[in-house]
Amino acid sequence: TEKEGRLRIVEADGRLSEPLGGVPEVDDGGQGGLLDVALDPEFASNQLVYLSYSEPGDGGAGTAVARGKLSGDRLDAVEVIWRQQPKLGSGQHFGSRLVFLPDETLIVTLGDRNTREYIPDMKAQIGKLVRINRDGSIPEDNPFVSDDAYSPDIYSLGHRNVQGATLNPETGALWTVQHGSRGGGEINIP
């Protein structure tokens, strides 16, 4: 991914393709842009690619997740499957790593957007990790799915700016890297 909104394929020998077509419109202001890419767990058979990016809209930009089918030099049938609420004018702290868990649900990391007022709002996804199914629907076993005080997609709370996420290869546990102020980063196991 390239921040400005270009998606390219890197060949085994290091050659870069021309930018792929079909990528959604990206707001690349501040720390926003085309943020991450992940292949569907069944990519070999379905060629589905997932993108997280800062999506422009009313009120500013918000992280969105879209998926499309890789067809040669473009993504086809691109659809937005999830949108962060609310969109904000701040151009900072989008976070936005994509990680498929062993159960093939998708984690989306979301920064606090440098607007602390939304962190205690459990209906807003600001400063949270969300967990969605591959089609964007909400897993029935999410931690807060049955509590009307929370957005049902929330998986974990209280994150500043998660810019790294992966699965531990031995345990399958999700590990995240959160960038802290004044050099105080941390590793979390949500």
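**A guided reading of the predicted model**

The structure holds two aromatic pairs; here, rings of Phe, Tyr and Trp (its six-membered ring) count as a pair if their centres lie within 6.5 Å, and planes under 30 degrees apart are called stacked, over 60 edge-to-face, and the rest tilted. The model is a predicted one, in which local features need pLDDT of at least 70 and side-chain atom pairs count only at pLDDT 80 or more, while totals for chains, interfaces and linings use all residues. Residues are numbered from 1 along each chain as its sequence is written, and side-chain values use heavy atoms, with hydrogens and water left out.

A pair of aromatic rings is described by the distance of the centres and the angle of the planes. Tyr50 and Phe100 make an edge-to-face pair, at 5.2 Å centre to centre and 80° between the planes. This pair links distant parts of the chain, for Tyr50 belongs to strand S2 (residues 48–57) and Phe100 to strand S5 (residues 95–100), 50 residues apart. Strands (E, at least two residues) and helices (H or I, at least four) are DSSP runs, numbered from the N terminus. Both Tyr50 and Phe100 are buried, a word that stands for under 20% relative accessible area, whereas exposed stands for over 50% and partly exposed for what lies in between (1.4 Å probe, protein chains only). Phe144 and Tyr150 form a stacked pair, because their ring centres are 4.2 Å apart and their planes stand at 10°. Phe144 is buried, since its relative accessible area is 18%.

A nonpolar core is a set of buried Ala, Val, Leu, Ile, Met, Phe, Trp, Tyr and Cys residues joined through side-chain atoms within 4.5 Å. The largest nonpolar core has 13 residues, and those with the most contacts inside it are Tyr50, Val65, Trp82, Leu98, Leu106 and Val108. Two or more residues of this core come from each of S2, strand S4 (74–83), S5, strand S6 (106–110) and strand S7 (129–132). S6 gives the most to this core, with three residues. Another core lies apart from it and has eleven residues, among them Leu7, Val23, Leu34 and Leu51.

Leu98 is placed in strand S5 and counts as buried because its relative accessible area is 8%. If residues up to four places away in sequence are not counted, Leu98 touches, among others, Tyr50, Leu51, Val65, Leu106 and Val108; contact here means heavy atoms within 4.5 Å. Trp82, with its neighbours within four places in sequence left aside, is in contact with residues including Val65, Val108, Val130 and Ile132.

Charged residues supply a further set of links. Side chains of opposite charge can pair when their charged atoms come close. A salt bridge is a side-chain nitrogen of Lys or Arg within 4 Å of a carboxyl oxygen of Asp or Glu, and by this rule there are 14 salt bridges. In the one between Asp40 and Arg134, the closest N and O atoms are 3.2 Å apart. Asp40 lies in the loop between strand S1 (34–39) and helix H1 (43–46), and Arg134 in the loop between S7 and strand S8 (154–156), so the pair ties together parts that are 94 residues apart in sequence. Asp40 and Arg134 are both buried.

Arg83 and Glu55 form another salt bridge, with the closest N and O atoms 2.9 Å apart. Here Arg83 in strand S4 is linked to Glu55 in strand S2, 28 residues apart. Arg83 is partly exposed, because its relative accessibility is 41%, whereas Glu55 is buried, with a relative accessible area of 9%. Arg131 and Asp103 also meet in a salt bridge, at 2.7 Å from N to O. Arg131 counts as buried at 5% relative accessibility, while Asp103 is partly exposed at 44%.

Some features of the backbone complete the picture. The peptide bond from Gln85 to Pro86 is cis, with omega near -5°, and Pro86 lies in the loop between S4 and S5. Ala77 is not a glycine, yet it has a positive phi of about 50°; Ala77 is in strand S4 and is exposed, with a relative accessible area of 67%. Ser96 likewise has a positive phi, near 80°. Ser96 is in strand S5 and counts as buried, because its relative accessibility is 0%.
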